[in-house]
Amino acid sequence: MGKIYFHADDYGRSKEVSKNILNCVVNGNINSVSIMVNHEQKYHNKLKKFKNINKRLHINLTEIPKKNIKDYHLNKLTFLKLLFLNETKKQKILNEIDKQIIKFKKIYKPKELKIDGHEHVHMIPWILDHLLKSKMYYKIVELRNSNEKLMMPRLKDLFNPKYIRNLIACLVVKFLYNFNKRPKLNAPQFSGILYSGMQSLETVKKTLFFFKSNKYKNCEILIHPGYTNKKEKLKFKKDYFEFYNSKNRKDEFNLCFSKELKKQLSQFK
């Protein structure tokens, strides 16, 4: 029998984001969460109480709080900038990754450590190489494999700029995974980039059908139900605030309470 993880990223990013994800854990269909540890601290104790929830460290390098890194340029990092970082700055980032790992272990005290990356930065070759080399030292047993299998798109997807953007991102991650010689990451079959910011009951059902058709057993579907509000606007850069405060996030939050979705997830084998 297979296991399906209906997974939320970004827990710990802010009070509102964390509160909304926690609501999805307590009252909704979320059974797996990725956690940032270099932002909001208040809600970690609340999540710790749920022993049956799958928990992973969400390495955050593109929204690092200014107080954490004095180098101004490292506060404006993007996925692409991280790809081509010079060696001096790379070492600062690796130090930041280690700090986040140590802090996560101190807060959540996992017997075995599971890791993924905010905006999938853990798939960048030099970062993934560091994590793989650190597996024994930190007892890392799982790294999310963001090398998502491509599903046949719906006709309307082909005319949706967001889907095309997601498809390009998916292909970039695939290239990086193959460039890194396809390391074994011991992770569930992943889906979440292609329909990032677009998840609905229809896309989740489509993904579940794809998983079943290919006889995948342990699988993960990523959504982003953690949304913020205008009171927290100053906690985010402009583009990120629009992302965290988007209608799509609120729709994905509501999706977590769908009875039909609960039925579909319970039938996964």
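Reader: By class, how many nonpolar, polar and charged residues does the lining of the second largest pocket have?

Author: This is a predicted model, in which local features need pLDDT of at least 70 and side-chain atom pairs pLDDT 80 or more, while totals for chains, interfaces and linings use all residues. Residues are numbered from 1 along each chain as its sequence is written, and side-chain values use heavy atoms, without hydrogens and water. A pocket is an open set of points on a 1 Å grid over the protein atoms alone, where a 1.4 Å probe fits, with protein on both sides within 12 Å along at least five of seven lines; lining residues have an atom within 4 Å of a point. With Ala, Val, Leu, Ile, Met, Phe, Trp, Tyr, Cys and Pro as nonpolar, Asp, Glu, Lys and Arg as charged, and the others, Gly among them, as polar, the lining has seven nonpolar, one polar and six charged residues.

Reader: Which element gives the most to the lining of the second largest pocket?

Author: Helices (H or I, at least four residues) and strands (E, at least two) are DSSP runs, numbered from the N terminus. At least two lining residues each come from β3 (54-59), α4 (87-108) and β4 (113-117). The most, three residues, come from α4.

Reader: What is the volume of the largest pocket?

Author: A volume is the space filled by probe spheres set on the grid points, which are joined across faces, edges and corners. For the largest pocket this comes to about 760 Å³.

Reader: Which element supplies the largest share of the lining of the largest pocket?

Author: The lining has ten nonpolar, eleven polar and eight charged residues by class. Its largest share, seven residues, is from α7.

Reader: Is N29 buried or exposed?

Author: N29 sits in the loop between α1 and β2. A polar atom of its side chain is 3.3 Å from the backbone oxygen of S258. Buried means under 20% relative accessible area, exposed over 50%, and partly exposed in between (1.4 Å probe, protein chains only). Because its relative accessible area is 13%, N29 is buried.

Reader: Why is V172 classed as partly exposed?

Author: V172 belongs to helix α7 (residues 161-179). The residue is partly exposed because of its relative accessible area, 34%.

Reader: Which elements do the buried residues of α1 pack against?

Author: Among the buried residues of α1 are V17, I21 and L22. Taking contact as heavy atoms within 4.5 Å, the buried residues of this helix pack against β1 (4-11), β2 (32-35), α2 (44-48), α9 (238-244) and α10 (247-255).

Terms used: Polar contact = N/O pair within 3.5 Å; in protein donor to acceptor, adjacent residues only side chain to side chain.
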